[in-house]
Amino acid sequence: MYAIIETGGKQYRAEPNGILQIESLEGDVGSIIQFDSVRFVQTDQAPIVGSPMISDAVVKGEIIRHARTRSITIFKKKRRKNYRRTKGHRQGFTQVRITEIVASA
């Protein structure tokens, strides 16, 4: 069984006991979070497809940790113009362990 959920403007495949690294969410480590925007659920009997969302499907997960990704460097240059700019960025993320997928057919 798995589900396709949408959070942070992106879609993720969620499986029970699977770990997702998603955009930063509010909440403390160890707290339970619900994802209501479920687009697709594959059950043992038949798949359930939303148009665009499944109204009564919920994916529940537990927040494992909040962290930041590795640093990336942004470098801009215009040749022969003495123009150089260097910046760095670290995107924050939240790791979530999927505990349960509830889908009513």
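This is a predicted model: local features need pLDDT of at least 70, side-chain atom pairs count only at pLDDT 80 or more; totals for chains, interfaces and linings use all residues.

Biologist: Which residues does I101 touch?

Modeller: Not counting residues up to four places away in sequence, I101 touches M1, Y2, A3, A14, E15, P16, V41, V58 and V59. Contact here means heavy atoms within 4.5 Å. I101 itself is found in strand β10, residues 92-102; strands (E, at least two residues) and helices (H or I, at least four) are DSSP runs, numbered from the N terminus.

Biologist: What makes β3 and β4 edge strands?

Modeller: Their sheet is open and has four strands in the order β3-β10-β7-β4, with antiparallel pairing. β3 (19-23) and β4 (32-35) each have a single partner strand, so one side of each is left without a neighbour in the sheet. Neighbouring strands of this sheet are turned by 45° against each other on average, direction ignored; the axes are lines fitted to C-alpha atoms, for helices over the stretch in contact, and angles run from 0 to 180 degrees between N-to-C directions.

Biologist: How do you know that β4 and β7 pair?

Modeller: Two strands pair if DSSP finds at least two bridges between them. Four bridges join β4 to β7 (residues 58-68), and the two run antiparallel. One of the residues involved is I33, whose bridge partner in β7 is G61.

Biologist: What is the strand order in the other open sheet of four strands, the one with β1?

Modeller: That order is β2-β1-β5-β6, again with antiparallel pairing. β2 (10-14) and β6 (47-49) stand at the edges, and the twist averages 15° from one strand to the next. Within this sheet, β1 (residues 2-7) and β5 (residues 38-42) pair over four bridges, and I4 stands opposite F40 in β5.

Biologist: Why is the aromatic pair of Y2 and F40 called tilted?

Modeller: Rings of Phe, Tyr and Trp (its six-membered ring) pair if their centres lie within 6.5 Å; planes under 30 degrees apart count as stacked, over 60 as edge-to-face and the rest as tilted. Y2 and F40 are 5.9 Å apart centre to centre, with 45° between the planes, so tilted is the word that applies. A search of the whole structure finds one aromatic pair, and this pair links Y2 in β1 with F40 in β5, 38 residues apart. F40 is buried, at a relative accessible area of 19%.

Biologist: How do you know that the charged end of R13 sits over the ring of Y2?

Modeller: The rule asks for NZ of Lys or CZ of Arg within 6 Å of the ring centre and within 35 degrees of the ring normal. The charged end of R13 sits over the Y2 ring, 3.7 Å from its centre. K78 also has its charged end over a ring, that of Y83, at 5.8 Å from the centre.

Methods: Residues are numbered from 1 along each chain as its sequence is written. Side-chain values use heavy atoms; hydrogens and water are left out. Buried means under 20% relative accessible area, exposed over 50%, partly exposed in between (1.4 Å probe, protein chains only).
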